[in-house]
Amino acid sequence: MTRTSGSTGSTITRPALPPICKAAMAVGALFLIVGILGFIPGITTNYDSMQFAGHDSGAKLFGIFQVSILHNIVHLAFGVLGLTLGRSPGTAKGFLVGGGIVYLLFWIYGLIVNKSHEANFVPFNRADDWLHFVLGAGMIALGLALARKVGSRSAVGGAHSRGDLPPGSTAPRGGQEPRGSRGSRGQRDTR
């Protein structure tokens, strides 16, 4: 990413975010949008019957997914977390994998709980349950797959040569590969 300062005309080059960071931020943005949509009458049907929590909330996002104020707040919180934790590869992976585990737990809870019982306090319906399964499995798969790509990129020196080091990493002195190591093109250093 290149940015030009208005008053001095100087150019600042910042490395692009790794794919895992972009994915976490995209998932976070999606949760944020869904949380906002849950508060919009028309997009959320039976809006006037929405309750803070509880199985009696009759509001449904897109007329399918049962929501309550608490349910929408959970979506908003996941959205803020995704946008915040998506800034570095380690925390982005933590958000995707950890959030995926939470959503799989929501799926299991939704399968077990009686939908008309007070224990269904968020509330969830069958459509929510299966959406939670897809979200949980998808987030975990995305986090693990993209984390491998970050690890393999830095393992071959690619991150050092492009300047997009993971947080806490340091490049060899002078930005050069250590003696005897292979550069980014696989050629042996013969110094």
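**Reading the model**

A: Isoleucine 40 is found in the loop between α1 (19–37) and β3 (44–45); helices (H or I, at least four residues) and strands (E, at least two) are DSSP runs, numbered from the N terminus. The model is predicted, so local features need pLDDT of at least 70 and side-chain atom pairs count only at pLDDT 80 or more, while totals for chains, interfaces and linings use all residues. Residues are numbered from 1 along each chain as its sequence is written, and side-chain values use heavy atoms, with hydrogens and water left out.

Q: Is isoleucine 40 buried, partly exposed or exposed, and what do these words mean?
A: Buried means under 20% relative accessible area, exposed over 50%, and partly exposed in between (1.4 Å probe, protein chains only). Isoleucine 40 is partly exposed, because its relative accessible area is 31%. Its C-alpha atom is separated by 9.0 Å from that of leucine 61, 21 residues apart along the chain.

Q: How is a nonpolar core defined, and which residues have the most contacts inside the largest one?
A: A nonpolar core is a set of buried Ala, Val, Leu, Ile, Met, Phe, Trp, Tyr and Cys residues joined through side-chain atoms within 4.5 Å. The largest here has 14 residues, and Ile20, Val27, Phe31, Phe95 and Leu96 have the most contacts inside it. At least two residues of this core come from each of α1, α3 (89–112) and α4 (126–155). The largest share, six residues, is supplied by α1. Another core, of six residues, lies apart from it and includes Leu37, Met50, Ala59 and Val67.

Q: With which residues is valine 27 in contact, leaving aside its neighbours within four places in sequence?
A: Contact means heavy atoms within 4.5 Å. On that basis, valine 27 is in contact with Phe95, Leu96, Met139 and Leu142.

Q: Where do asparagine 46 and phenylalanine 62 lie?
A: Asparagine 46, in the loop between β3 and β4 (60–61), is not a glycine, yet has a positive phi of about 55°. Asparagine 46 counts as partly exposed because its relative accessible area is 46%. Phenylalanine 62 lies in the loop between β4 and β5 (65–66), and its phi is positive, near 60°. With a relative accessible area of 48%, phenylalanine 62 is likewise partly exposed.
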